[in-house]
Amino acid sequence: MAETILFVLMAMGALVGAVTIVAARNPVYSAMGLLGTLFSVAVLYVLQLAHLVAAVQVIVYAGAVLTLFLFVIMLIGVDKSEDWDEKLPYQRAFVGGLGGLIVLFAGALTVFGNFDWVPAATNTIPEATNGTIQAIAELLFTDWVLAFEATALLLTIAAAGAIGLAHHRTGQT
Amino acid sequence: MIVAAGWYMALAAALFVIGALGLLLRRNALVMFMCIELMLNAVNLTLISAGRALNDLNGQVAVFVVLVVAAAEVVVGLAIIVAVFRRRATASVDELSELRG
Amino acid sequence: MGVIREFIKGLRVTGGTMLRTITGEELVTTEYPKEMRQKPPRFHGRHVLNRYPDGMEKCIGCELCAGVCPAKCIFVRGMDNDPENPTSPGERFGFVYEINMLRCIFCALCVEACPTEAITMTHLFEMSTTNREDAIYTRETLLMDEKGGVPHMFPDDELADMDELAVADGWVKATAPSGMTSYQGVKMWQGTPGPGDWDPEPGQSELDARSPTEDDDG
Amino acid sequence: MIEITTPDVSWIAILPELVLALGAVGVLLVEVQWKPATRVLGAISAITLVIAIFFTFLQWAQAGDALEVGGLDELVAFSGMIVMDGFAVFGRFVLLVMAGLGLLAGWRLVERLNRRGAEAIALVLLATTGFSIMVASNNLVMMFLGLEIGSISLYILAGLTEEKTKADEAAMKYFLLGSFASAIFVYGVALLYAGTGQLEILAIRQFFTEFIVTRPAVILIGLALIIVGLGFKVSAAPFHSWAPDVYQGAPSGVVGYMAAMAKIAGFLAMARILLTAVPQLDDSWLPVIAGISALSMLVGSTIALVQSDVRRLLAYSGVAHAGFILTGIVGGATTGMLFYVTVYSIQLIGAFAVVAVVSGPSSSGSSIDEYRGLARRSPALGAAFAVLLLGMAGLPLTSGFVAKFGVFSEAWANGYGWLVIVALLASVISFAFYLRVIVAMYMEETEEEGIVVSLAARWVLTIAVAGTVLAGILPAPLIDLAADAFPL
Amino acid sequence: MSWPEFGIIAFRVVVTFVLLLVVTVINVWAERKILADMQSRIGPSRAGPWGILQTVADGLKLFFKESVIPRKVELGMYLLAPFLAIIPAFLIFMMVPWGKPFMIGDHEVALQGADLNIGLLFILAMSSMAVYGVVLAGWSSGSKYPLLGAVRATAQAISYEAAMGLAMVAVVVFTATQGEGGTLSMAEIVERQTGTWGDISPVLSFVPRWNLFPQFAAFAIFLVAIVAETNRAPFDLVEAEQELVGGFHTEYSGMRFAMFFLAEYVNIFSMSAIAATLFLGGWAGPTFEGSLPGLISGSLPTIYFLIKTYAIVFIFFWLRATLPRLRYDQLMTLGWKRLIPAALTWLVISTVAIGFRQFGAPWS
Amino acid sequence: MLTWLIALPVIAAAIVALVPGRVKELHLPLGVALAVLPLALAGYVFWVFEPIAGYQFVQQAVWYEPWGISWSLGIDGVSMPMVLLTAILVPIALAASTSITRRTKEFVVYTLLLEAGMIGVFLALDLFLFFVFFEAILIPMYFIIGIWGSDRRIYAAMKFFIFTAFGSAVLLAGIIALAVTYADQFGSASFALSDLMNVQLSTGAERWLFAAFALAFAIKVPLFPVHTWLPDAHTEAPTAGSVLLAAVLLKLGTYGLLRFNLSLFPEASVDAAWIMGTLAVIGIIYGAVVAIVQPDLKRLVAYSSVSHLGFIVLGTFALTSGSLQGAVIQNVNHGLVTGALFLLVGMIYERRHTKQISEFGGLQKVMPVFAGFFLFMIFASIGLPGLNGFVGEFLILIGSYSTLPALAIVAAIGVVLAAIYMLWAYERVFTGVPDKEENAALSDLSIREISLLAPLAILVLVIGLYPNILLDKIAPSTEAVLDHIEEQTEFVRPEPGRLGDVLVAGGDHE
């Protein structure tokens, strides 16, 4: 029961946040929408016993990523409101059409498709220890050790690259 | 009472679609970028929900990888956006039109 | 490691200060209205117009003070003495004397300019008023009576320590050589409540006799 | 006491990547510590690449041995993260060679970047690492990770120049659409995971052999999203819109490398997923791939016709080539595709090396007018470019022809005759725009002075032209290699 | 969930909340008083004995003051920002155990808002949320000084959070030596710090088993990081008065300003409490059960906790009195080039050492 | 030996390419001298060529085993004349290119490469190899037209390239389809002509493949309605280009039809004979009619080519001994005559820098030798008995009459039309009084030019008078083609008519 209520609430939160991202004229409001979505999704993770992921989600996304976003928004001037005149003709119509198509497709799948989200599921009850740090760490440092190391590489690239990109060139404005 | 994984994944799908459409619709590089983050979030939600339904931890571990990727993308992406801004003082993709055929 | 040593040094300063403050050793704050601090000898407070011991006014209405005032806050008009009943020992006396305390910058140039030491400054500084008119001190307010008192805005206020009026600004003593040989070594200005009591001015010859390093200013 | 589970580590499976990553970090550190001449960094990267290539030989031998004794399990390393099959090793080898060529082609850019040159070198090596992981990965998330390592390096490379305006713009567009593609790809992975419960490619195949999925909608959608995501990366129509802008705006020194890398890895990954993981579903994906292929070829060729900028032209031709290469996947075999990807990459890097020479290593844009009379200004350069363009066009005696022949044959044999005919039509259309460049070079005159071709560029062009011609005349060794390099 | 359990939870939350409010009131006064002492002044002295009711008076004043809303603000965010600032501040403290659990009947009452198995991560998450209040306040004010403050706040928060997290990680890894596996639960971390180091050497049997001793470097790093995280001097660039008027809250007044003010002091206390919990053993200490009346020995842990926390809070004040504000580049240099490398180095060193202790040398 | 035939021009090209660009005067003579070497070799081949069916001097080397492609060369009666023709015309075309002063070296190189490609096409017995050469030719030709052509050269070059490349693409599709089918049926891949002839095709597939091959070759020929690139290419190309284009390149199409369409798809060939014939005849009439109204001399010759090649196609698909032999020999004839005509037009163009017929008039007076040669070639082109054109056209018409009588009759009208446009053009250019001042001062042909034209004229005469010198060697091969068709289909070739017997005396087909 509690899960259902929370799910409904958080799903609404996530959706409202998502729509805010897209619809808000001011990027700051978009960022806040994203924040809302991130939080709601984090709660949904908790509901699904993924506590660690939920915490990391908030720390990394909300704590670092979105803060960076805000920083850049502030840095490059928030006062510039976006030009809502569509420069590409048909772009909006195209997006609308695409959206409609997806909705239709989804509707058709739900109604006619005899559709199953997780066809491979074995209907076992998930273990309560699934979300614990120990369980995840066990996997992360054995089976996924290569991926783990590769993420280190990725972060190195990101750091080095960001420095290279943002580096001020002398003699240029 | 347990909510079926399908609901979570449907929510994720909705988020993903909103993100994708937003990316196509908006012209502000930052907002577009946020839409990408939204999409990655939808991915994470899908992975976790599927992982729970399958009683498989790999889904959760995969989320960590996606998270790190998202973080790295943000670092680079924002660096690029800032670099562009330094030249143009705009974050609108529409105004980036030096490249034309 | 130098940084850390400096850092600790800094912490020691503040920490030590705190301890000393708590013990009252280094507490510099005085709870002002409750306890007053001794003012420095050269404190510039409000002006007073002095009298000779015989009760004659020192001011001769020469307007030098008004002329020298950088803030142009002094207004003086002299008047001929009534030969029968002179107000001051000279020909003229200060008939009108006003100082706008709102403009005054308490520089004491008027005191220096005064040829007769008529105007001096006291240590009294509580001069708040409730309207601008009251801030203009007139001859009546400034002039001492025989007992060395002057009228004050809030004579009964606990803040207004009227004893301060008795302390003159020490600056008067430091300057104002007379320049006249006949006054050499004469203790001229005694008995004035404001300026207090001090040693006679040394004469030129005595000044010349001193070594130049001791005292160079004229 | 905590009990420690030791991870399953197989060094040989990742030796080349290890060497590359170390080399890249080494370059950065050496730069920071000693600030040496650029040449030293070049030497370091060259040594790195050579060692890495040497290790690919080692892996090749090992993979062959394992196949002979049937020890297929030996090829799967790191608990199923990585496979060391011939396909991966071949892809790695090609990537490494392209990285070498790309570095040579971009060498002038590196030199002009001064201190940041080290960064460019390191990024090239790191991108290679990433794509190399991608082609070798057996785990879809690992593949995504490799893809991102490579892609992010490329985004940065696209913006790494001293002439900034257009490069920044290119980097931004590349970044936004590239990330979009990555997100789509990884969502596809997530859905595939939801559908099959597996993240490993071989396990997914196993799953399909063991179970019959009655309601595979999620799997199919996931697969479609994976195809779309990779389609973006390899700039197949209708997901190509970023390619022209990026190719035009990014510093020409690295464009060839960027394009080649993304294409090689993208196609190899696509082939691995489609042909290894879900061959049972080919009824569903074959028509889709064929459609994308046909559309790419037609769109690429036709739009390229009206381009006035050589880079955009090459970009659209790249779209067309993506279509051609996809016909190889439609053919259901990897030989032709591998061969095609290899030779096309060489041509691409060579072509962009020419662009870099003609319009400067860090410039953006290169109007076709700049090529007017190139054959007079520098006959060797013009000839090299002509050969490369003709190779791309697929004229006989160049590698392009053999490549096209190979993929078309495969597609025809797999029952996609109509696709081959479309492809041939597209090739004919593509002749027209390649010839436009040749026309400008050979048949129009200019007063401009001769061009100095740097030594590095000469090497690149020599290798590229030699490769194009040799693989066109004597394709046998390369095709044999490609034929041996099938995915596990 | 039975009613007693629910009641216990409600009790825990409410009491924690109230404790935090009370402590904050004292904190504000204490800071003013201590700063005054360090500057040879007296400090607040009028309201109440020793001016101790000064904060209450200030609060009342702010509460009744008119809340001016400037014309150019982004209203929604402007109104939201103070709450965004204050909520994470309170939530962080919910993780801190501030006394020894005791029993009512057969229900255990933990003196802690909530005990999560990912408590430390929650703290990290919330502390990273804290910056939003500042940023949004600065941005939504529609004024340049607050905006500058906001920009500084973001950069600063990100920079020092990393160091803070790394210092925490070192502690978490260390906890593995004190029990079965590492833990992120705050209550568990405290539990593992009870007792003394007597088992290592009898000489140390009077030294409490605090993490401070083995993890002294982490403590130093953590201390610096939390000062920066809470935007306190010398890292108070966010509200550098000399440059930015009032920083991010320039345009705020009245109750809204009070909320920022409150959030700042709550944060100081929470962070100090976390530091005390992580490194100084939280409420751990001798309770002399049996020899003292039950009530006293029962409240001793809370007193220990408060003492330890206030020791760190005092450091906050001390630093503010001592150090001049850093320049912005110095701030960044310190964060990225000193603190994070130091934290990383320490993490590696301590992890290797722990590894040796736990598993022996790799070659043996 | 055949490999050398291909390699020699390539080596020659390499040698020329290595000569420094400074010594400009050297390139052309050197090129001519080197081009004589393949001619000598081709002459030797002709000398030792035995008049038997089947391929001679076959050389085979595996190129890439799994795909079944090989370097497989051979020569028979159909290809031998073409090789010879190529070898003869290249040095002449080169020698005639003195007017090319710009980028001479490249010109020589391209021409020699072109020669290698053309010889390769005629010699290839492997479809893959054939296609490689077939495509490779495009490049040098494209450059020759594009660089050294006249005003609209780029347009023309492009048109030429795209048209033929389109044809090639279709051809490639056909080849792939055929090879894939072969691999399906025999389990191993092969592109060898002899292997692919064994493929069992369904009627539908065979027709499609036939269409693909035919389309490719029809474009090359060019057959109506895909001929439009030809006039442009001819008109804009430099003289040597036109010569080689008309004389050899177009023959790739007719050669291909004969060699591949007939052998690989006999049934479809028989079925489609009347379609191809009809198209050919339309081409004949159309080309001739259009040629009549051309104001441009070169364009006129170009359209005459369209007309003449129609005869060859007609002959090919008439499927009789006579018509096939006629087609082959007409290939040679057309090469010689049209080549010569283009040379002549080029020579007058060098002098007057115009090709407009209206610009000339009365040249007979000024340039008698030139007029003589022109008239001679015109007669050969029209098919005056005693000259080679007569032999070919006559054989074709006679041969076709027995299988495609209606078409043959209509085609015969083409001969008349040819006489009209050729002679009318001659009249306008050469007869009358030279009323234009510029024309009055024109110099007659130089010794060099005469020495270029003379060999062609002699060959024209030789073939016209003694066609058996070629026919003897051609006949076995063409008969073999027909045999193959009869084997595979129900088609029975008609007995040659009376005249045919007389003329095909050398044909030993008992």
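The model is predicted, so local features need pLDDT of at least 70 and side-chain atom pairs count only at pLDDT 80 or more, while totals for chains, interfaces and linings use all residues. Residues are numbered from 1 along each chain as its sequence is written, chains are lettered from A and ligands numbered from 1 in the order in which they are written, and side-chain values use heavy atoms, with hydrogens and water left out.

**Chain B against chain A**

- Counting contact as heavy atoms within 4.5 Å, 68 residues of chain B and 83 residues of chain A take part.
- The two chains bury about 6,800 Å² between them, with 73% of it on carbon and sulfur atoms; buried area here is the accessible area (1.4 Å probe) that two parts lose on being put together, summed over both.
- Chain B and chain A share zero salt bridges (a side-chain nitrogen of Lys or Arg within 4 Å of a carboxyl oxygen of Asp or Glu).
- Six residue pairs are in polar contact between chain B and chain A, both residues at pLDDT 80 or more; that takes a pair of N or O atoms within 3.5 Å, and within protein one must be able to donate a hydrogen and the other to accept it, with residues adjacent in sequence counting only if both atoms are side-chain atoms.
- On the chain B side, H1 (5–25), H2 (29–54) and H3 (58–88) each supply at least two residues; helices are DSSP runs (H or I, at least four residues), numbered from the N terminus.
- H3(B) gives the largest share of that side, 25 residues.
- Sorted by class, the chain B side has 52 nonpolar, nine polar and seven charged residues; Ala, Val, Leu, Ile, Met, Phe, Trp, Tyr, Cys and Pro count as nonpolar, Asp, Glu, Lys and Arg as charged, and the others, Gly among them, as polar.

**Confidence in chain B**

- Chain B averages a pLDDT of 80, and 82% of the residues score at least 70; pLDDT is the predictor's confidence in each residue, from 0 to 100.
- Confidence in chain B is highest in H2(B), at a mean of 87, and lowest in H3(B), at 84.

**Chain D against chain F**

- This contact takes 37 residues from chain D and 32 residues from chain F.
- About 3,100 Å² is buried between chain D and chain F, and carbon and sulfur atoms give 82% of it.
- Helices supplying at least two residues each to the chain D side include H17 (399–413) and H18 (417–443), and H18(D) gives the largest share, 13 residues.
- By class, the chain D side has 28 nonpolar, four polar and five charged residues.
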